[in-house]
Amino acid sequence: MGLLSDPNRRRALISLLTRLNAPICVVCYMAGVAWFMGLAFEPFTLRTYMSENAMGSTMVEERFPAGERALGTGREFSAHKKKAGGMPVDWLVKTMQSRGLEVFTQRFSRRLPFPDEDKERYMVKGTNVYGILRAPRAPRTEALVLSAPCSPGDDNNQAVGVLLGLAQYFRNQVFWAKDIIFLVNEHDLIGMQAWLEGYHHTNTTGMDWSPLQGRGGSIQAALSLELSSDVVTSLDLVLEGLNGQLPNLDLANLFYAFCQKIGVLCTTQGKLQRNDWDSVSGYSHAVQTMMLMVMKQASGRPWGDHGLFLRYHIEAATIKGINSFRQYKTDATTIGRLLEGMYRKLNNLLERLHQSYFFYLMPSLSHFVSIGYYMPAFGLLALILLLRALDLWIQLATPPTFNLNPPPSQMSSPGVLSVLTPLVISHLTGVALYTLPIHFQEIAVEHFPVSETEAVVLTAIAVYTAGLALPHNTHRGLFVPPFNGWKVLKLVAVLYLAVLLGCTALINFSLGFILALTLVPVAAFVTPDVPKALSAFIMVILSPACTLLFSVFLFQELQEMPVSFLDGWMLYLSVISQGILDHALYGSLVYPLVALLVYPCWLLFWNILFWK
Amino acid sequence: MRWEETVVEEATADKEDTSAPETVVQSSVPQPKDDFQEELVIRPLHSGDIYASFQFRTLWETDFMRGNKVSHYRLFPKSLGQVISKFSVRELHISFTQGYWRTMQWGQPFLPSPPGAELWVWFQDSVTDVDGTWKELTNVLSGIFCASLNFIDSTNTVQPSASFKPLGIGNVTDHRFLRYATLPREIVCTENLTPWKKLLPCGSKAGLAVLLKSEKLFHSSFHSQAVHIRPVCQDWQCKTTSWELRQTLNVVFDLHTPGQGKLEWSLFKMFSRTLTEACPLASSSKIYIDITDDPQGEQFEVSPATHLLSQAMVLGDRRTFSVYDLTQQITFGTVRSLNLLIRWKSSEDMLRPLLHAERYVAGYGLQTGEIHTLMYNNHPYRSFPVLLLDSVPWYLRLYIHTLTVTSKGKDNKPSYIHYQPSKDRVRPHLLEMLVQLPPNSVTEVTVQFERALLKWTEYTPDPNHGFYVGSSVISSLVPSIVAMDTNSTREQPLFSSFFPCKEESSYFMRVYTEPLLVNLPTPDFSMPYNVICLTCTVVAVGYGSLYNLLTRSFQIEEPSPGLAKRIANIIRKMRGVPPL
């Protein structure tokens, strides 16, 4: 600090920063990206370890014997599902009751804001069935949840079978200290949302549900099971939840520990971990796994039924059975034993899972990157914004000596006004982007030959594109913008972006980082003096909408399911509609964040580019 | 408490063989100065579980409060007698419960109790420092029962104004002399059972108490043990009073077997013991088996069979019991050991008890929340009032203006509300309400709260487990279902059944809701050192220098003038000329 309080040295430092601003920014950007890519390199990551003592050293012996019978129950469930054309409520109630559970049902209904074309639903009505296994001598204060979605078609019957088999087996055990809730939810996430809202008696999304009759106290942990074949080759762990929330890392550790113990292949992001970290292919494998996690987390949507639990501070994960062409198969008994082991350890918990990390990235199931390691990557990008802001501040504070005509007092008031106008207008555009698509769908459907879903998506794109025409209008009718007006605007915009990205990255690192990756260069280089056409093109390429488009392609590429451009475009449209739906149905915040804050912020830079 | 002792000894002529009718214990025989009775009631429950309720009653005609010290103890335990006289206790009720009574499956218990420990005491009106006496008493009881009752302090003690009235004789109902506290976290195990058993005259050596083996009692779905001390009338004129010590133990065994087969239990299977004798000190020692749900003997098979039947009004319901008198040698048969055996069928449907309640915390996040209490009145046409008692720790700051009571979607105005706001770290919230429950309805009481941030030494060692809020207590006079009973399967004289008589038309019931586990905002205790270091650094270095930079203006200092110049300046100053 002595450095800054000495005016001479301060001046020297400032001149250094202003002179070398551009090179420092470039270096920071490169360093940020390199740091991020380095996170997947195994020597730089930490091995996962169990932090929670209550789950660590205790030995449990898994004895679940009835895998075959569970599959039989699953087939029975499938037959009744077909007969009922949906959730076989009566059969499930009877089956759960005969297994000695307290059984309750919950009805719910939800009208989607516009039809969901991916899942072909609009008016959703359903019933959740859940049975509570009461722990002996426990006062109903704590519970664990095991859920399996009742999916349309032939999916997930085995999951329900295993769930019922486990319920039967668990009922005869004496060691339970927490109630265990076995939940079969209809209409996947919508049913889960209804059940969770009913359980906690909240209503965040305007869904209709009937109140729950039976409860088990505060839920400590939850697992959701997805299983669509009698045998599986591997189990995949899905962690990413609503708004990029992740469960405590100990839950992943628990799963990994039991997979190791029982000898089940386990994956995350559908990728097995490899041992050849020092080879290029091994490293790129780890990068792919981590990138998939980053993209899933950035999307802010729940990637399994567990995703909605996280809002209620319930640690939850989805376990997905995957049946590929591998030789080595795992049967239902083994999966049952794995779950039994996990539940027995969770049953041993004395406190909520809190010992391990809540913020992490996983380049493989056995390694993780904690928040302390990945934040510098974002910090380096955010530093660029601060450096640019400093540069602008200094430029504004020391006006060029040759231009002394306007006295400072006169200059300030139009300056503020000239900043305020674009700010307000771009935010109004953001509000339009947020509200218009859903409200205008009926009008759009009347006047254009499109379906409601297309209408919503196309309206969103239209509003977004229309926003690009704004800079030509913002200055009309205003006074002559002052000479350095754009600098004030840019200073505000850069600081705004820094705060915005900083807050986003704290909550959802992946989203913050991806946005920073594209928006920071824009924010750094844009001035009215750069070549218009080229810069405009680059800016559009780096705008949030195009970022999303590239992300869609990259995501498909990483999943080893590359798509053609047309398919990719269709996927892009459906991703937009899903994003809007996620916001309306589950309260995902990515759509409002982009529409109300990120897009207006980008518009400010667009404005600067076309400053006259 | 409310197990009415009106054992209507009827000749029960429906069975052909009328063996010697049971001798009536109370009336004709002149009572000794102290008296001990033991009793076990076994009820096969609707859900297929089995409920065993032990009661041991010691009566002693003495006066602890008189000047001369009582020093000769026979049946009454000395430790409790000394407690009564030292602390001037008028009534004492203490219960230890592990598990939650599942009303929907099991119906009503004979003696309700909340999970954890519950203690309520009425002191004599001669006590001047009630709080001090209470504090001492809890510490003494803590030692006697080997429990953490010493954690009872002013932050979890309340003085209910209406919910807990004295159960014994006496007309002092000034609630200044009442203290009520619960410890929902208390875990009950063998170390609490052993001192409890030691209070019995026969210990666990003889009589029904031989069945109380902890390895079986704690291998159950529900376990509750209690001690109730109260003064009762000695005779019908109530000229003299005597002290009653009632020790009760309730246990529910889980007999779940998959499939629909008949369930079977026996004394040996439940307790891993059989009975060979009554406690020699007991004036009465009986086993009752509730066979009400099986009038025709289709579902139940009891062996050895008994022809001794007894009817009693229990919780508004007329129940029939098979009675086994352990004081009669014939009960034990030729093998000199009694091992009762029952086979019966269970059903999986849930019951619809007339009154039951549940409670939960709504909302998410660590800032606010809402406590919902649901009270169900399943009576088809009668509404009845209930008294709801809520004692909430201070760290949940109740917003009492958000209190709502709704039944059937309409606002239900309580006719009586007693609210005592909490004081931080001193006393809990106390909320008592008299609410009328409309027939066939659910009444929902909601109140919002804010979670307080505790001081860092106030957190428990396991703060992430959450903090407990004790059960709400719902006390009520519930209309009897006997009055509802219109079918005439039971043979009754017509003249006796027209007007529902007073005793049977309603009965007292107490329902406890489940305790709540609430998470409070919890700092990360694993890194206080890091936090201290970081805070100090930020304050000392970061903030200090930044503040410096922002508030001061820096200038280049002139090099200090030479000596000649300074002297010249002094001279100029004296001349009144500006310095150089």
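**View 1. Helix H10(A) passes helix H20(A) in a left-handed crossing.** A crossing is called left-handed if the near helix is turned anticlockwise from the far one by less than a right angle, and right-handed if clockwise. In this predicted model, local features need pLDDT of at least 70 and side-chain atom pairs count only at pLDDT 80 or more, while totals for chains, interfaces and linings use all residues; side-chain values use heavy atoms, without hydrogens or water. Residues are numbered from 1 along each chain as its sequence is written, and chains are lettered from A and ligands numbered from 1 in the order in which they are written. The axes of H10 (residues 280-299) and H20 (residues 544-558) of chain A come within 10 Å and cross at roughly 140°, and the two helices are therefore oblique to each other. Axes here are lines fitted to C-alpha atoms, for helices over the stretch in contact, with angles from 0 to 180 degrees between N-to-C directions; under 35 degrees counts as roughly parallel, over 145 as roughly antiparallel, 65 to 115 as roughly perpendicular and the rest as oblique. Helices (H or I, at least four residues) and strands (E, at least two) are DSSP runs numbered from the N terminus.

**View 2. Helix H12(A) passes helix H18(A) in a left-handed crossing.** The axes of H12 (residues 371-397) and H18 (residues 509-525) of chain A come within 10 Å and cross at roughly 30°, so H12(A) and H18(A) are roughly parallel to each other. The contact (heavy atoms within 4.5 Å) includes Tyr374(A), Phe378(A) and Arg388(A) of H12(A), and Phe509(A), Gly512(A) and Val520(A) of H18(A). By class, this contact has 14 nonpolar, one polar and one charged residues, where Ala, Val, Leu, Ile, Met, Phe, Trp, Tyr, Cys and Pro count as nonpolar, Asp, Glu, Lys and Arg as charged, and the others, Gly among them, as polar.

**View 3. Residues 371-394 of chain A are 100% helix and 0% strand.** The end C-alpha atoms of this span are 33 Å apart, and an unreviewed UniProt entry lists residues 371-394 among the transmembrane regions of chain A; such annotations may be inferred rather than shown by experiment, and feature names are shortened, with positions in the numbering used here.

**View 4. Five strands of chain B form an open antiparallel sheet in the order E15-E16-E22-E18-E19.** Two strands pair if DSSP finds at least two bridges between them. E15 (355-362) and E19 (410-411) of chain B stand at the edges with a single partner strand each, so one side of each is left without a neighbour in the sheet. Eight bridges join E15(B) to the antiparallel strand E16 (residues 368-377) of chain B.
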